[in-house]
Amino acid sequence: LNRKRKRVITFHNVLSDDIYTPNVANGVSCSFTQFKTIIESIGKRFKFSLDLDDASTATITFDDGYDNQATVAAPYLIERGIPAYLFVSGQLLNSTNDELTIDKLLHWVSYAPDGLYQISIIDETISFELKSENRQKIWSQIIWPTFIADCGAKGNNVLKALDSAYPYNSIRNGLSADYASQRLAGVTSLHLKILKDQGWQIGWHTRSHYPVAKLSTNEKVEELTWDEEIDSPVMSFPYGGIGDVDVESIEIVKKLGYQGAMSNINLKNKLSGNYFRSRMSLPNDPYSVSYTHLRAH
């Protein structure tokens with residue numbers, strides 16, 4: 001399926017080996033060692049570039065704008081001479097405690113104590129049992145759909161309901177300082193300057209990281225209008241699936257003056273084009289990276 005196609009790779013969190021924990025909160029994260037393995041596997045088959053149309057090269061991208069992307073992943077790539085795109089959520093820029101709502105929800109599901117919970121969101125009461133072995137199921141079947149339905153408050157009603165059932169601050173205070181710094185804090189203006197000086201492209205990833213297709217027209221414009229520290233003409237849609245982006249969002253991106261936008265879908269679809277470019281996320285397993293996803297011939 002990938003033969004002769006441009007390979008654009010999506011990364012999120014790259015955490016130091018000693019603090020990486022595979023759980024719901026880190027479902028799209030990897031350890032530094034796993035990250036190096038992926039980059040090395042790609043590098044055996046492709047050169048790296050920022051050219052989004054050159055199918056003979058691979059392009060590395062990061063979504064969200066976390067501290068770990070600048071302090072853990074970037075130094076390794078810079079040492080190897082590999083430039084990348086960093087798509088920054090405005091809420092995370094220069095932030096040490098203004099965490100994304102989606103991250104608070106993910107950490108609640110990962111770390112709240114086992115037990116029976118009942119939460120009330122607007123006019124709906126939801127009951128579920130949280131156990132160590134079913135947290136991914138609770139996330140995908142209950143919390144995520146409720147988050148998507150809570151478009152008026154961009155998921156904050158869900159967060160308030162969970163916080164009432166078990167305080168998020170109790171979870172946050174139990175996280176190590178190193179983990180919280182890498183995983184939850186955002187990049188700084190100084191980080192962006194250093195990366196720009198190394199040839200990286202800094203793009204926009206909306207302001208609050210909510211699926212833009214669920215928002216009103218005015219909210220879409222507000223979310224998609226980039227910060228002054230952003231210099232790339234390409235932006236990345238949060239989540240980046242067909243249900244997360246609509247035609248109106250793409251038209252707004254065009255009117256705002258972007259030259260392109262990234263999806264998180266690797267197959268041709270009804271939105272495919274310069275403003276919904278294909279990207280792939282790779283597993284941490286080196287065999288899969290080497291032989292399943294990246295085969296050039």
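Close-up 1. Ser-110 belongs to helix 3 (residues 101–111); helices (H or I, at least four residues) and strands (E, at least two) are DSSP runs numbered from the N terminus. Ser-110 counts as buried because its relative accessibility is 12%, the term standing for under 20% relative accessible area, with exposed over 50% and partly exposed in between (1.4 Å probe, protein chains only). Apart from neighbours within four places in sequence, Ser-110 is in contact (heavy atoms within 4.5 Å) with Asn-23, Val-24, Ala-25 and Arg-135.

**Close-up 2. Ser-49 in the loop between strand 4 (47–48) and strand 5.** The side chain of Ser-49 makes a polar contact of 2.7 Å with the side chain of Thr-57, and a polar atom of the Ser-49 side chain lies 3.2 Å from the backbone nitrogen of Asp-51. With a relative accessible area of 16%, Ser-49 is buried. Residues up to four places away in sequence being left out, Ser-49 touches Lys-6, Thr-57, Ala-58 and Thr-59.

**Close-up 3. The largest pocket, with a volume of about 470 Å³.** A pocket is an open set of points on a 1 Å grid over the protein atoms alone where a 1.4 Å probe fits, with protein on both sides within 12 Å along at least five of seven lines, and lining residues have an atom within 4 Å of a point; grid points are joined across faces, edges and corners, and a volume is the space filled by probe spheres set on the points. Of the 22 lining residues, His-12, Val-28, Ile-102, Leu-106 and Tyr-239 lie nearest the centre of this pocket. Strand 5 (57–64), helix 3 and helix 4 (135–149) each supply at least two residues of the lining.

**Basis of the views.** Residues are numbered from 1 along each chain as its sequence is written, and side-chain values use heavy atoms, with hydrogens and water left out. The model is predicted, and local features need pLDDT of at least 70 while side-chain atom pairs count only at pLDDT 80 or more, whereas totals for chains, interfaces and linings use all residues.

Technical notes
Polar contact = N/O pair within 3.5 Å; in protein donor to acceptor, adjacent residues only side chain to side chain.
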